Amino acid sequence: MQDHDNLTENDCKMTVRIKDVARAAGVSVATVSRALGDGPVSDELRKKVEAAVAATGYLPNLSARRLRSQHSHTIGLIVSDIRNPFFTAVSRAVEDAAYAVGMRVILCNTDENPQKEAMYLRLMQEERVTGVIFAPTRATAQKLDPQQLGFPVVLIDRAAPPGHADAVVLDNAEAASLLVEHLLAQGYRRIGGLFGNTSTTGAERHAGVVAAMQRHGLQAEARFIAPTPEAAEQAVRDWLREPAQPEALIASNGLVLLGMLRGARAAGVSIPAQLALAGFDNDNWTELAGPGLTVIEQPVYDIGRTAMKMLLERLEDPARSARKVVLSGRLIARGSTAHNLAADAGPDGAGR
């Protein structure tokens, strides 16, 4: 036999029904339902109902409410790699902005895997989310159709074909050019790069490096890899065993830059005396590693906040044309790209 004197507070709350809230508030059950479902009630009545909910400990049936309203007040945030501090910071901005307007966030990680992306997009349909903020692979971005999904989509860091979906991205061509021009000004000429092979971002940053080098009559050697520290470390170790070695390397994101640094250290290469390193993302560790790493700082919080703003605008005006917001990065020069002393020794780089 259960000892009723030992019932927990949660046990009591589970017995509270919507009619108990209506009785406590002195209103009808229909009024309580409208107030809890953002229906048409006055602010005074809504506050009275909310006070009754707090007093009784009533727990609304969110699943039932979702089915009735076809609206979950929840957004999905699907990122490619939550280990990447870029996406951690963007996620914080999205959550802050969502919370400010009374929405919740479901966070999913895809590991740059199109199959996981498809799985999580189905999950968002099942959860009847209000909308999705998404960093897709290039393969998924090419075929993305928000109308078929049944909810609005805003892309971050990656772009779909023009007109397919709203997007917030960095000006990758400009940012890549900033890195190349900085390295050239420091005396480096043999500049290579490691670029992620799964996203439009890696391709755009590669194109920006190539274009900047070509403006100076130079060629950039590039290698496309999985955008992980492990792949970047191995690529650098292999590269540094070859006869024709680069004077400087550019990484297409922070995880690649981390692996690049590990690879250089494993090969016993001194930075920047033997190899200059630069890349994207001003992660906290980049100013502490060695002489400090030169990076492009992205406006990560603005990216997340802008994506949430665009999603809300899309909800207000579903028929408007897709927009692409392009933000600028900032070059932060540190010791990893200090002046190339070998360039002062002569055109053949004697002394390297």
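This report looks at one helix crossing and the aromatic pairs of the structure above.

The model is predicted, so local features need pLDDT of at least 70 and side-chain atom pairs count only at pLDDT 80 or more, while totals for chains, interfaces and linings use all residues. Residues are numbered from 1 along each chain as its sequence is written, and side-chain values use heavy atoms, leaving out hydrogens and water.

Let us start with the helices, which are DSSP runs of H or I with at least four residues, numbered from the N terminus, as are strands (E, at least two). Helix 10 (residues 172-185) and helix 11 (residues 200-214) cross at roughly 50°, their axes coming within 8 Å. Axes here are lines fitted to C-alpha atoms over the stretch in contact, with angles from 0 to 180 degrees between N-to-C directions. The two helices are therefore oblique to each other; that word covers what is left after under 35 degrees (roughly parallel), over 145 (roughly antiparallel) and 65 to 115 (roughly perpendicular).

Now to the rings. Phe, Tyr and Trp rings (for Trp, the six-membered ring) pair if their centres lie within 6.5 Å; planes under 30 degrees apart are stacked, over 60 edge-to-face, and the rest tilted. The count comes to two aromatic pairs.

| Pair | Centre to centre | Between planes | Class |
|---|---|---|---|
| Phe 86 and Phe 87 | 4.9 Å | 80° | edge-to-face |
| Phe 195 and Phe 224 | 6.0 Å | 40° | tilted |

Phe 195 lies in strand 6 (residues 191-196) and Phe 224 in strand 7 (residues 221-225), 29 residues apart. Phe 195 is buried at 1% relative accessibility, whereas Phe 224 is partly exposed at 40%. Buried means under 20% relative accessible area, exposed over 50%, and partly exposed in between (1.4 Å probe, protein chains only).
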